[in-house]
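User: I should like a close look at one part of the model that follows. Please give a single connected account, with the cut-offs behind each term.

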Amino acid sequence: MKNLLFLLISFFFATPFFAQQDSISVSTEELIVPEKEEPSYKPYDALAPARAAFYSAVLPGLGQAYNDKYWKIPIVYTALGVGVYFYLNNDDQYDRYRSAYKSRLAGRTDDEFSNENGEPILSTPRLIDAQEFYQRNKEISILVIVGMYALNIIDANVDAHLQQFNVSEDLSLKPAFNYDQFSGRTGYGLSLNFNF
């Protein structure tokens with residue numbers, strides 16, 4: 001009997017077990033873990049706007065790159081470049097009229113604003129007016145350059161602020177109509193809804 005019991009126990013542990021597979025069980029490979037959705041805004045960083053403004057002040061467009069708005073960099077440099085172009089163009093025109101005016105004061109009539117006979121095409125008062133015109137345009141060009149530079153800094157600062165602003169679907173603003181049953185009138189208004 002002991003031998004039979006030993007033989008049964010040996011046979012029980014030696015034979016592989018066969019059973020049905022569990023149809024309800026789910027393998028760990030099949031489990032789909034929902035990924036956390038990243039917010040559409042950057043986490044709050046109190047120094048991000050100041051950093052972006054500082055970078056734009058050091059090098060125009062660098063604050064836009066810091067904010068990951070690379071498409072704004074060509075706009076910044078185009079705006080600054082237009083101001084520089086008009087400044088240089090007006091400076092060249094001013095120098096032309098200034099040198100002609102100086103040669104007229106020296107008594108020479110061979111400037112570019114005189115004909116072949118030495119007769120002036122533009123009178124001396126017209127040369128003075130042209131100098132004043134181009135001088136004013138140069139000053140306006142400098143103001144445009146300074147304004148675009150300041151706008152570049154302001155844009156980087158505001159954009160860094162707005163990237164941290166939480167724009168959620170939980171906030172909605174809808175028109176609302178309220179019918180008053182007692183007076184028979186319709187009231188119009190806006191409804192602001194928060195979903196938590």
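How many salt bridges does a search of the whole structure find?

Analyst: A search of the whole structure finds six salt bridges, a salt bridge being a side-chain nitrogen of Lys or Arg within 4 Å of a carboxyl oxygen of Asp or Glu. The model is predicted, so local features need pLDDT of at least 70 and side-chain atom pairs count only at pLDDT 80 or more, whereas totals for chains, interfaces and linings use all residues. Residues are numbered from 1 along each chain as its sequence is written, and side-chain values use heavy atoms, with hydrogens and water left out.

The protein chain has five helices and two strands, arranged along the sequence as α-α-α-α-α-β-β. These elements are DSSP runs numbered from the N terminus: helices are H or I runs of at least four residues, and strands are E runs of at least two. Of the 196 residues, 21% count as buried; buried means under 20% relative accessible area, exposed means over 50%, and partly exposed lies in between, with a 1.4 Å probe and protein chains only. The chain exposes about 15,900 Å², 62% of it supplied by carbon and sulfur atoms; these areas come from the Shrake-Rupley method with a 1.4 Å probe, and for residues only the protein chains shown count as cover.

Helix H5 covers residues 124-163. Its 40 residues should span 58 Å at 1.5 Å a residue, and its end C-alpha atoms are 58 Å apart, in agreement with that value. The expected span is 1.5 Å times one less than the number of residues.

A nonpolar core is a set of buried Ala, Val, Leu, Ile, Met, Phe, Trp, Tyr and Cys residues joined through side-chain atoms within 4.5 Å. The largest one has eight residues: Tyr94, Tyr97, Ala100, Tyr101, Phe113, Leu127, Ala130 and Tyr134. At least two residues come from each of H4 and H5, with H4 giving the largest share, four residues. In soluble globular proteins, nonpolar side chains tend to be buried together.

Asn90 lies in helix H4 and is buried, because its relative accessible area is 8%. Not counting residues up to four places away in sequence, Asn90 touches Tyr134, Asn137, Lys138 and Ser141. Lys138 also forms a salt bridge with Asp91, with 2.9 Å between the closest N and O atoms. This pair joins distant parts of the chain, as Lys138 sits in H5 and Asp91 in helix H4 (residues 73-105), 47 residues apart. With a relative accessible area of 9%, Lys138 is buried.

Arg96 pairs with Glu112, the closest N and O atoms being 2.9 Å apart. Arg96 is in H4 and Glu112 in the loop between H4 and H5, 16 residues away. Both partners count as partly exposed: Arg96 has 29% relative accessibility, and Glu112 has a relative accessible area of 49%.

The H2 side can be described through Pro49, which is placed in helix H2 and is buried, because its relative accessibility is 5%. Pro49 is in contact with Asn157, Ala160, His161 and Gln164, leaving aside neighbours within four places in sequence. Pro49 and Gln163 are 114 residues apart in sequence, yet their C-alpha atoms are 9.6 Å apart in space. By contrast, Val58, which also lies in H2 (residues 48-58), is exposed at 54% relative accessibility.

Methods: Contact means heavy atoms within 4.5 Å.
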